[in-house]
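Colleague: I would like to learn how to read a protein model feature by feature. Could we take the general idea each time and then turn to the case at hand?

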Amino acid sequence: MNLNPVFDQINQLRQNQDQFVDVTIVGEVNGFNGYQTKQGELAASCNVNASAVAITNVRQKNGGQQGYGTQAGYTQQPQGQAQPPASDPWSSDPSF
């Protein structure tokens with residue numbers, strides 16, 4: 001599945017510095033690496049092999065929310081995106 005259109009939408013939305021873009025990613029995570037930055041802060045990185053990406057919300061940094069998914073040209077899930085399988089333990093938890 002080509003996820004580039006969704007990533008393009010995310011990049012466009014992130015150009016506005018006054019808003020956050022929430023996404024949901026389905027896939028595999030591996031290659032966890034812990035390290036220390038030049039400023040002495042602890043950080044981590046990992047590899048994500050995404051099989052699906054969906055923009056779930058766009059919200060203003062000041063706490064306001066933008067009704068996402070109703071604007072022309074944007075869809076909440078990429079075309080052809082399947083719902084998570086019923087065996088997925090996270091699919092029934094609306095907080096994720």
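Modeller: Let us begin with accessibility, where a residue is called buried under 20% relative accessible area, exposed over 50%, and partly exposed in between, using a 1.4 Å probe and protein chains only. With a relative accessible area of 38%, N30 is therefore partly exposed. Please keep in mind that this is a predicted model, in which local features need pLDDT of at least 70 and side-chain atom pairs count only at pLDDT 80 or more, while totals for chains, interfaces and linings use all residues. Residues are numbered from 1 along each chain as its sequence is written, and side-chain values use heavy atoms, with hydrogens and water left out.

Colleague: What share of the 96 residues of the protein counts as buried?

Modeller: Of the 96 residues, 18% count as buried.

Colleague: How many helices and strands are there in the protein, and how do the elements run from the N terminus?

Modeller: Helices (H or I, at least four residues) and strands (E, at least two) are DSSP runs, numbered from the N terminus. Here there are 1 helix and 3 strands, and the elements follow one another as α-β-β-β from the N terminus on.

Colleague: In which sense do strands β1 and β2 pair?

Modeller: Two strands pair if DSSP finds at least two bridges between them. Strand β1, which covers residues 19-36, and strand β2, which covers residues 42-60, pair in the antiparallel sense over 16 bridges.

Colleague: Which residues of helix α1 are buried?

Modeller: In α1, which covers residues 4-14, the buried residues are V6, Q9, I10 and L13. They lie on the same side of α1 because they cover an arc of only 100° around the axis, the arc being that of the directions from the helix axis to the C-beta atoms. Contact means heavy atoms within 4.5 Å, and the buried residues of α1 pack against β1 and β2.

Colleague: Which residues form the largest nonpolar core?

Modeller: A nonpolar core is a set of buried Ala, Val, Leu, Ile, Met, Phe, Trp, Tyr and Cys residues joined through side-chain atoms within 4.5 Å. The largest one has 8 residues, namely L3, V6, I10, L13, V21, V53, I55 and V58. To this core α1 and β2 each supply at least two residues.

Colleague: What lies over the face of F20?

Modeller: A charge sits over a ring if NZ of Lys or CZ of Arg is within 6 Å of the ring centre and within 35 degrees of the ring normal. In this model K61 lies over the face of F20, at 5.5 Å from the ring centre.

Colleague: Where is A44 placed, and is A44 buried or exposed?

Modeller: A44 is in strand β2, and A44 counts as exposed because its relative accessibility is 63%. Leaving aside neighbours within four places in sequence, A44 is in contact with N33, G34 and Y35. A44 and N33 are 11 residues apart in sequence, while their C-alpha atoms are 5.5 Å apart in space.

Colleague: With which residues is N30 in contact, leaving aside its neighbours within four places in sequence?

Modeller: N30, which is placed in strand β1, is in contact with C46 and N47 once those neighbours are left aside. From C-alpha to C-alpha, N30 and C46 are 6.0 Å apart in space, although 16 residues apart in sequence.
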